[in-house]
Amino acid sequence: MSNETRTAIVTGASKGIGAALARRLAQDGFCTIVNYASSATEAAEVVSAIERAGGRAKAIRADVADSAAVKELFDQAQAAYGPVDVLVNNAGIIKLAPLAQTTDEDFQQLIAVNLTGAFNGMREGAKRVRDGGRIINLSTSIIGNYLPAHGVYVATKAAIEALTHTLAKELGTRSVTVNAVAPGPIATELFFAGRSEEFVKRIVADIPLGRLGEPGDIAHIVSFLASPESGWVNGQVIKANGGRN
Ligand SMILES: NC(=O)c1ccc[n+]([C@@H]2O[C@H](COP(=O)([O-])OP(=O)(O)OC[C@H]3O[C@@H](n4cnc5c(N)ncnc54)[C@H](OP(=O)(O)O)[C@@H]3O)[C@@H](O)[C@H]2O)c1
């Protein structure tokens, strides 16, 4: 096995899925950047957990919606550990409302964090991820279900999938693969926010495997996509939803 340092950036890694991805990539041997926007304490706890387990990690604040901040995130990651091998565009938010009740502010915020944020990461990653590297984006399994109140959120994820397919074709000559993971319902703050216990029960009843996903379920897939073994997987969207979608 090579002793060369490998570096991964996970955006939105202070909690939920991103925290599990950061811990897993660190366990896989990556020096891991734990990006966050406002949850500094939680990000520091993720770093501490990685270090206690013998890994290397650093928390870096950057609002992914701000292109200058994303550039600075790469600069700081590179200064800490060297060139970036893996970028996971995970940071995201959800706001649920029927289109008629969606405010300008909520629409702009969803676009800014989910779509502009992933775009900023992909554009910077396209220039700076090392040859042979990986870009992994977080989508959602519910594209195509067209659920009421989910329209703008799903629209941002559909756009991320479009950019994933395009970038995979643009970076292939450098052996950089670009894929997306599309989770179903995962037990995180984002999933539970604004949803009643009754609603959650109905969702679980609709999942053939009979349970919500856990962040670790997604970490297994990202770990594979970040590994050399996934080298022939490019421009794909991998759904993980317990068989629901
Ligand atoms: N949970 C699900 O059921 C589910 C299903 C399908 C897809 N997904 C996708 O999976 C991803 C992670 O979701 P999650 O459930 O883990 O959410 P979560 O628990 O709410 O965590 C979201 C993370 O994103 C960060 N974040 C939010 N805005 C940011 C910004 N502007 N810049 C940088 N970081 C920012 C948060 O950090 P701060 O607290 O510091 O802001 C936090 O670390 C999202 O893209 C989501 O759409 C989730």
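The model is predicted, so local features need pLDDT of at least 70 and side-chain atom pairs count only at pLDDT 80 or more, while totals for chains, interfaces and linings use all residues. Residues are numbered from 1 along each chain as its sequence is written, and side-chain values use heavy atoms, with hydrogens and water left out. Helices (H or I, at least four residues) and strands (E, at least two) are DSSP runs, numbered from the N terminus.

α3 covers residues 67-81, and α4 covers residues 104-128. Their axes come within 9 Å and cross at roughly 40 degrees; axes are lines fitted to C-alpha atoms, for helices over the stretch in contact, and angles run from 0 to 180 degrees between N-to-C directions. The two helices are therefore oblique to each other (under 35 degrees is roughly parallel, over 145 roughly antiparallel, 65 to 115 roughly perpendicular, and the rest oblique). On the α3 side, the contact is made by Ser67, Val70, Lys71, Phe74, Asp75 and Gln78. On the α4 side, Asn120, Gly121, Arg123, Glu124, Gly125 and Arg128 take part. Contact means heavy atoms within 4.5 Å. By class, this contact has two nonpolar, five polar and five charged residues; Ala, Val, Leu, Ile, Met, Phe, Trp, Tyr, Cys and Pro count as nonpolar, Asp, Glu, Lys and Arg as charged, and the others, Gly among them, as polar.

Next comes α1, residues 16-27, which packs against α2, residues 40-52, at an angle of about 25 degrees, with the axes 10 Å apart. That angle makes α1 roughly parallel to α2. The crossing of α1 with α2 is right-handed. Ala19, Ala22, Arg23 and Ala26 of α1 meet Val46, Ala49 and Ile50 of α2. This contact divides into six nonpolar residues, no polar ones and one charged residue.

α1 also meets α8, residues 215-226; here the axes come within 8 Å and cross at roughly 45 degrees. At that angle α1 is oblique to α8. α1 passes α8 in a right-handed crossing. From α1, the contact takes in Gly16, Ile17, Ala20, Leu21, Arg24 and Leu25. From α8, it takes in Pro215, Gly216, Ile218, Ala219, His220, Val222, Ser223 and Ala226. There are nine nonpolar, four polar and one charged residues in the contact of α1 with α8.

On a 1 Å grid over the protein atoms alone, a cavity is a set of points where a 1.4 Å probe fits but cannot get out, and a pocket is an open set with protein on both sides within 12 Å along at least five of seven lines; lining residues have an atom within 4 Å of a point. Grid points are joined across faces, edges and corners, and a volume is the space filled by probe spheres set on the points.

The structure holds one cavity of 30 Å³ or more. The volume of the largest cavity is about 50 Å³. Its lining is made up of Thr11, Val64, Asn89, Asn90, Ala91, Val113, Asn114, Gly117, Ala118, Leu138, Lys157 and Ile160. α4 and α5 (151-171) each supply at least two of the lining residues, and α4 gives the most, with four. Six of the lining residues are nonpolar, five polar and one charged.

The largest pocket has a volume of about 1,000 Å³. It is lined by 43 residues, of which Asn90, Ala91, Gly92, Ile93 and Leu190 are the closest to its centre. Two or more lining residues come from each of α1, β2 (30-36), α4, α5, α6 (189-192) and α7 (197-205). The lining has 20 nonpolar, 16 polar and seven charged residues.

The second largest pocket has a volume of about 190 Å³. Arg6, Phe30, Asp85, Val86, Arg130, Asp131, Gly132, Gly133, Arg134, Ala226, Ser227 and Pro228 form its lining.

Note on methods
Left-handed = near helix turned anticlockwise from the far one by under 90°.
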